[in-house]
Amino acid sequence: MEPIKLYSLPKLPYEYTALAPYISEEQLKLHHLKHHQAYVTGANAVLEKMDKARKDNADLDMKAILKELSFHMGGFRLHNRFWENLAPSGKGGGGLPKGGIAKAIDDEFGTFERFKKEFTQAATSVEGSGWAMMTYCTKTGRPLILQVEKHNVNIIPGFAILLVLDVWEHAYYLDYKNDRAKFVEAFWNIVNWNMVSGRFDSLKKLP
Ligand code: MN
């Protein structure tokens, strides 16, 4: 297949009503169709600007354009992962992790409750806009929690995204106003652990 060269907004793997009451239809539509779309548009605009400058052999402000690219591509990719690691409560969403990821969490954190507490604190304490993320270091065999500022600050290069939670205000403002902690608490009811577990298992297969 020919590479597509530009990004497009992926469809959600469920209906807009599917994550209620934890994420309402109105909130999910706005988040996906407006905010996620804005990062698609933003990333494509940067790519096209670079294409044009190269075609015209014009100068680019590399510092500015690469910062912009990192921000928009970060936003685009994190949202893709975020939608995928959610599922309707009771229909794939919520509950406890199973299999290899469950064992890795227990080995690292002692208990799932301890992991949940640390991840929750990472999410609730992001300064301004950002994300809480779980990744995994294949060298040490340790799952790691990251606290990402904006879409691209505090990331450790080369680590896959296993689980991610968007705590930008745009993710929860309609449903929870300024109560980020309440949104983070609700998130646990719609985590798609099967998806997280599948990502973990395929990472473990890498050489
Ligand atoms: Mn978002």
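Which protein donors does the manganese ion have? They are His31 (NE2), His79 (NE2), Asp166 (OD) and His170 (NE2), lying 1.9 to 2.1 Å from the ion; donors here are N, O and S atoms within 2.8 Å of the metal (3.2 Å for Na, K and Ca), and water is not among the atoms, so sites may look incomplete. Keep in mind that this is a predicted model, where local features need pLDDT of at least 70, side-chain atom pairs count only at pLDDT 80 or more, and totals for chains, interfaces and linings use all residues. Residues are numbered from 1 along each chain as its sequence is written, and side-chain values use heavy atoms, with hydrogens and water left out.

- Along the chain, the manganese donors follow the spacing H-x47-H-x86-D-x3-H.
- His31 sits in helix α1 and His170 in the loop between β3 and α5 (173-176), so this pair links parts of the chain 139 residues apart (helices are DSSP runs of H or I, at least four residues, and strands are runs of E, at least two, numbered from the N terminus).
- Both His31 and His170 are buried, meaning under 20% relative accessible area with a 1.4 Å probe, protein chains only.

**Sheet**
- Three strands make an open sheet, ordered β2-β1-β3 with antiparallel pairing (two strands pair if DSSP finds at least two bridges between them).
- The edge strands, each pairing on one side only, are β2 (142-149) and β3 (163-166).
- Four bridges join β1 (residues 130-137) to β3, and Met133 stands opposite Val164 in β3.

Technical notes:
Buried < 20%, exposed > 50% of the residue type's maximum accessible area, 1.4 Å probe, protein only.
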